[in-house]
Each structure stands twice: as C-alpha cells, then as structure tokens.
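Let's walk through a protein together, one part at a time. Have a look at the chain first, and then we'll talk about how its parts meet.

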Amino acid sequence: MDLCAKEAWQELEQQSELKTKITQDNWRLYFHLMPETGWMNDPNGLCQFNGVYHFYHQYVPQNPAGKEAPHWGHKTSTNLVDFKEEAIFLSPEHSYDRNGVFSGSAIVKDDQIHFFYTGNVKNEGDHDYTFSGREQNTVHVISDGYSIEKQEVVIPHEAYPAGFTDHIRDPKVFEKEGRYYMILGARTRESEGKILIYQSEDLSQWTYQGIFLGDDYSLGYMWECPDFFQLDGQDILLFSPQGVDPQAYAFNNLYQSGYLLGEVDWKNLKFKPTSDFVELDRGFDFYAPQTFLDQKGRRLLWGWMGLGDTSPEYSNPTVTRGWQHAATLPRELSFNGQRLIQQPLPEYQKLRGKSVFWNVELKDSFTAPELAGEVYELQVELTQQTKKLQLLLRQDTILSYDGQIFTLSHGPSGYGRKKRSIQLSELRQIQLFMDTSSIEVFINNGEYTFTSRLYPQKGKDQIVFSGTGSLAIQLWPFSN
C-alpha cells in the first residue's frame, strides 16, 4: 500500500470511529442539523431544486475544533424535517481555494443551480492575513446539486476595488428584472464594514458597481454574510457585523447578525436604510444566517447555531466527543409593517407526540409529572398579563420576565453562557423547541427569538413554572 492510499485508509478509519462515538453521545441533537463528524458552521447555498431542499454548510469532518480548511458539507430533504447526509459537495483542492471553500449562496436558473463561494488562500510568509497575505476569490459553480458541471473564478482577488483589506467574501446572488446582482461583505483598510455590489447579464461576467451600503452608514469593522431580499414590498438587508460595542440589552455577543429595513436606489445601486440595525436573535448561539425562497413562495432562514471566537467566555464540551456546532431550525420570515417576524415551520408538527395541556392560575409555582422531557415543543399562552413569570428548564436553564425585561439564563450547563436579555413591554406568548443540547425560544409569535446551546446532565428535565398569571400550557414530546 503506497503512502497516499495508507493515509486515505487511516482517514476513513478515523471517520468511522468518530461516527460511532458521536452516535453514542447523549448530547447528539435529535431534530437539528449537525455535522456527521467534526465541525460545522455557516449555512451555504440554500435552495430548493426539483422539489428537493439542499442545505450546504461549512464543514471540517476530521477536526471538531475547525482548525483545518473547510469543505461544503451537504444534506438534502423533501420535507425539511427528515434529512439525508450526502457526499461532500466542494473541497479545497484548487489553487484558488486551497485554504478553504468559504461561504456562499445559490441561485436556480435554466434548470441548473449556480453556486457562488469564496475561495480562501493564505500565502506563506510573515503576514497578518487581514492587511496582507490572504487572497479571497469569488468562484462560480454550475451543478445539479450533486455533481459539478463547471467551476470558474469569476472575480479574482486582484480584481477587487482598491482601499479594501484582504477580507472580501460571502457572495450572495439574486436576480431583479432580468439582471443578476452579487453583494459581498468587506472590510476597508480603515477597518470599516462595507457591502460591495456587482452586476452581471450571464452569471459569469461580473462588473463592479460600487458600495451597496457603507458610504454613509457605519457599524463595526467587518460585515460578513450579506443577504438582500424583498418581503411584502419591503427591501431588507441582512448582514453580520463584527466589532460592534455592547449595550445594556443589545450587541451582547462578540459578533452580531441582524437586518436593516430600507429602500434600494436601483439606478445608483445604493441601499438606503430607513431603520436602525435590528438583531435577528438575542441568544448566545446564532450567526451567519442565510435566506432563500422555496417553491411554496416562503422566505426561509437558516442560521449557524454557534459563534466563532467565544473562548474563554463560553465553550462546547462536545469537542472532546468528536463534533461541534449545528444549524438552527429553518424559520419562515414575514414582515408585519415594522419588523421581521421569525416563526418555526409547520412541518415540525410532524414530530409531535401526544400533547398534554394545562390551564393554570399561577399564584406561586406549578409543575406536573408529565411536564418534563429532553426533546419537546412547549407553548405558553398568557391570557392575563403578568409582571412575574419564570420557567425552569433542563437542570438550570431559566426563562424569566419581570414586566419589563425578558431573560434567558444558564447555570453550569451553559458552559460559560450566563445571561441574555431584551426589553419587552408585554409578554403574550412563548413557544420553545428543546433539543438534547439546544434551545430555541420564539417570543410573542416570533417578534423575538433566543437561540442557545446547553449541556445539561441527563435526567434533569422537570419543567417548573413560578410567578403569577393565567397560563395555557401545552407540551408535545417529540416522538422517535
């Protein structure tokens, strides 16, 4: 056996051992997408093609710490609940992406999927890889979703405009009135975030059109993962800024993800904000969201249920078990005239077991033998306003409301995650999805969301309500 064959065999053995180890892990997620082995981060290339939903993602199969060049992993589904693990779709095997197939998007055209991603290259030498030493090329791939028909660099690193650092990445492509547009996140040499825009007639030849957002808008030093769409007649721009100073109840994570409402000047290709920047999720583990339009006409969003560079504040103990991170539930977006609303998909009702229901006049505390579990959906309707409510979940995770502030907090099971809060004038409804090692909370029918990882001891799963108020409580254990 030659050296290459021996290394390939050892890699397969290592992968097989990791799969076995992860299968036995009690923190392995039940209904969230997670890496088969190793590391997962940004959702990529989201689309529905010929009835099949394609979910691609940043993926390092052998290293749960993510310390190697990422691939694009691939999962497919026909119902958004049951997913099949597919072969790795893209790998860092070319001169223009040898240090990583970074994030990107997809657009369906003429019975083909056109993918665009950032090919990452780190040159040898004494570099900081921000202001020197890095190349990030925009790459175009034509595919049926499984195999590659064509792959080409459409914007080489040296063709990017002057005045920017080596950080220009994460292409999102969309079509409007027969023309194609690409937006890219960028960092200037003065460390200001910008979004660049390009235009094309054929998806292969791209012309730089200037700065889509950032000429007269400032927020942090780098803007990642831009995403533009129109929803209910409103222009909306998503991006993930880095370097935003924390406030009392906002921007408490190291990096943020959120959106601006605005209007696009299509003649000059400028996005003009008409709102403040709004965070999409107020929990600990949410970043790099991407949206797409499915064949039902729904605008769906997936986020990375994780965040980079959180150490030493908090960590994920699954690294020693061979895997790290996951994806959020896909969420349907709508616009209520003031803000984006995020709601879980009705498809997940397929997982519901037999429900248990309680009408409670809460005066002190309430629990019941059936009010427990490790994997479930819980809905709470408040038929009478309260200024004091607390839910104890899974060992030491607490949701609380004092009439003004809603808070998600963790004890030791958060592995360093402590508290995230929002100002909330009225609490009407809570819907939450508890998985083996994650929680997603939807407040007031999706006006606010909290996403977090948690790693509780097995068996500590009693749900306890305390405070005052009139509650309608319904719990669905998720069936196998």
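Which residues does the UniProt annotation "domain: Glycosyl hydrolase family 32 C-terminal" cover? According to that unreviewed entry, the annotation covers residues 347-470; UniProt positions follow the numbering used here, feature names are shortened, and annotations may be inferred rather than shown by experiment. Before going on, keep in mind that this is a predicted model, where local features need pLDDT of at least 70, side-chain atom pairs count only at pLDDT 80 or more, and totals for chains, interfaces and linings use all residues. Residues are numbered from 1 along each chain as its sequence is written, and side-chain values use heavy atoms, with hydrogens and water left out.

Over residues 347-470, the chain is 51% strand and 0% helix, with its end C-alpha atoms 29 Å apart. (Helices, H or I with at least four residues, and strands, E with at least two, are DSSP runs numbered from the N terminus.) UniProt also has an unreviewed feature, "domain: Glycosyl hydrolase family 32 N-terminal", at residues 32-344. That stretch is 53% strand and 0% helix, and its end C-alpha atoms lie 12 Å apart.

Now for the domains themselves. The protein splits into domain 1 (32-344) and domain 2 (352-477), with bounds that come from an automatic or database domain assignment. Their C-alpha centres are 31 Å apart. Where they meet, 30 residues of domain 1 are in contact with 30 residues of domain 2, contact meaning heavy atoms within 4.5 Å.

Together the two domains bury about 2600 Å², 53% of it on carbon and sulfur atoms. (Buried area is the accessible area, with a 1.4 Å probe, that two parts lose on being put together, summed over both.) Of the area that domain 1 buries against domain 2, Tyr249, Arg282 and Phe284 supply 26%, more than any other three residues.

What about charges? There are 3 salt bridges between domain 1 and domain 2, a salt bridge being a side-chain nitrogen of Lys or Arg within 4 Å of a carboxyl oxygen of Asp or Glu. Arg331 pairs up this way with Glu440, their closest N and O atoms being 2.7 Å apart. On the side of domain 1 that touches domain 2, strand β23 (residues 340-344) gives the most, with 5 residues.

Elsewhere, Glu36 forms a salt bridge with Lys19, with closest N and O atoms 3.8 Å apart. This pair links distant parts of the chain: Lys19 sits in helix α1, and Glu36 in the loop between α1 (3-23) and β1 (38-49), 17 residues apart.
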